[in-house]
Amino acid sequence: MQQRRLADRLEVSALSLGCMGMSDHYGPGDDTESTATIHHALDRGITMLDTADMYGPFHNERLVGQAIAGRRDDVVLATKFGIERLPDGTAKGINGRPDYVRAACNASLQRLGVDHIDLYYQHRIDPAVPIEETWGAMSELVAAGKVRHLGISEAAPSTVRRAHAVHPITAGQYEYSLFTRDIETELLPTLRELGIGLVAYAPMGRGLLTGTVTGPDQFPADDVRRFAPRFQESSLATNLALVERLRGLAVVLGATPAQLALAWLLNRAADIVPIPGTKRRTYLRENLSAADLFLTGDHLELIEESIPAGAVVGERYDPPRMAVVNL
């Protein structure tokens with residue numbers, strides 16, 4: 001597995017692993033298979049594991065912590081705070097208060113069973129708390145040795161600049177894929193100007209780009225895609241037609257649409273690290289093969305002709321979830 005550097009400070013595997021779906025948002029999980037998937041990822045050279053306190057809630061951090069016990073030195077451990085949930089899953093809202101930052105970090109350290117977090121993100125921006133106050137508390141965590149690097153997620157360019165002025169940001173985590181390219185206009189140039197790496201989540205459009213989606217009814221009731229705008233009948237036919245274009249090129253290259261979507265993203269730039277999420281070893285192996293897929297300039301042009309920027313229909317999230325994105 002090739003390595004990439006975030007902000008020229010933190011070295012991680014070019015392809016890393018999102019662990020959210022092992023505990024939340026995508027139907028029921030299987031801790032045994034999830035743990036085996038994490039172990040297989042580490043064995044195959046993936047180093048960065050991405051989790052958050054709200055996944056589960058709390059279950060995912062415990063799962064990841066147990067899975068890496070005895071292998072801490074092999075892992076770049078990334079987690080997040082800021083979306084506050086009760087143990088029963090009830091959403092309390094976005095919290096960026098300094099006292100909460102400190103308490104959330106201590107709780108994550110305990111659940112993960114580690115003495116430091118390698119990359120600690122503000123998951124969402126609290127509009128009621130000046131970003132300088134939140135990041136002042138985060139910088140204290142670095143000074144205390146509890147956190148090595150700081151990250152930010154779904155923050156507007158102006159917010160990124162203000163946070164970066166308080167403490168250097170190592171990584172910005174944003175949704176980025178062939179189906180979600182809006183960050184290319186202003187956000188990505190801002191990250192590059194400031195020397196911040198990009199960690200790309202949902203690089204396969206939450207499964208749409210795998211070519212296996214048939215409709216929202218295929219998902220269980222606790223799967224967020226059942227209600228996501230891009231998966232509804234009003235949008236799905238158009239979006240699946242785009243995926244079929246990608247499938248045609250993938251067949252020629254001896255790949256799957258998912259592998260082609262990931263390879264396209266890996267080829268965008270060396271400061272981008274995709275974190276495709278999976279809870280099964282079979283899909284992990286498929287994703288890993290994308291890192292070995294050779295694409296020429298002509299291939300990349302054909303991919304973008306197949307799915308032009310802005311061609312997808314529907315918002316990324318349903319209105320309540322979209323409302324907490326710092327635009």
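The following legends describe close-up views of a predicted model.

The model is predicted, so local features are reported only at pLDDT of at least 70 and side-chain atom pairs only at pLDDT 80 or more, while totals for chains, interfaces and linings use all residues. Residues are numbered from 1 along each chain as its sequence is written, and side-chain values use heavy atoms, with hydrogens and water left out.

**View 1. An open parallel sheet of eight strands.**
The strand order is β3-β4-β5-β8-β9-β10-β11-β12, and the pairing is parallel. At the edges lie β3 (17–18) and β12 (272–274), each of which pairs on one side only. Strands (E, at least two residues) and helices (H or I, at least four residues) are DSSP runs, numbered from the N terminus. Two strands are taken to pair if DSSP finds at least two bridges between them.

**View 2. Strand β9 and its two partners.**
Strand β9 spans residues 147–153, and six of its seven residues are buried; buried denotes under 20% relative accessible area, exposed over 50% and partly exposed in between, with a 1.4 Å probe and protein chains only. On one flank, five bridges join β9 to β8 in the parallel sense, among them the pairing of Y121 with G151. β9 also pairs in parallel with β10 (residues 171–175) over three bridges, and G151 has A171 as its bridge partner in β10. Between β9 and β10 the chain passes through helix α5 (residues 157–166) in a right-handed β-α-β crossover. A right-handed β-α-β unit is likewise made by β8, α4 and β9. A crossover is called right-handed if, with the strands pointing away from the viewer, the path from the first strand over the helix to the second runs clockwise.

Strand β5 (residues 76–81) runs parallel to β8, and four bridges join the two; F81 has Q122 as its bridge partner in β8. H123 occupies the loop between β8 (117–122) and α4 (131–143). Is H123 buried or exposed? H123 counts as buried because its relative accessible area is 5%. Neighbours within four places in sequence aside, H123 contacts A52, M54, Y55, K80, F81, G82, I83 and S153, a contact being heavy atoms within 4.5 Å.

**View 3. Helix α2 and its surroundings.**
In helix α2 (residues 59–67), the buried residues are N60, E61, L63, V64, G65 and A67. These buried residues pack against α1, β4 (48–50), β5 and α3. From helix α1 (residues 31–43), T35 touches L63 and A67, not counting residues up to four places away in sequence. T35 also lies 8.5 Å from K279, C-alpha to C-alpha, although 244 residues separate them in sequence. S108 belongs to helix α3 (residues 98–112) and counts as buried because its relative accessibility is 0%. Beyond neighbours within four places in sequence, S108 is in contact with D53, E61, T79 and I117.

Most residues other than glycine have a negative phi, and most peptide bonds are trans. The bond joining G56 and P57 is cis, with omega about -5°. P57 is placed in the loop between β4 and α2, and F58 is found in the loop between β4 and α2 as well. Phi of F58 is positive, near 75°. With 18% relative accessibility, F58 is buried.

One cavity of 30 Å³ or more is found in the whole structure. About 50 Å³ of space lies in the largest cavity, a volume being the space filled by probe spheres set on grid points joined across faces, edges and corners. On a 1 Å grid over the protein atoms alone, a cavity is a set of points where a 1.4 Å probe fits but cannot get out; a pocket is an open set with protein on both sides within 12 Å along at least five of seven lines, and lining residues have an atom within 4 Å of a point. The lining consists of E175, F179, G205, R206, A228, R230, F231 and R316. R206 lies in the loop between β11 (197–201) and α7 (233–252). Phi of R206 is positive, near 55°, and the residue is buried at 12% relative accessible area.

**View 4. The second largest pocket.**
About 350 Å³ of space lies in the second largest pocket. Its lining has 23 residues, of which E154, D182, I183, R316 and L327 lie nearest the centre.
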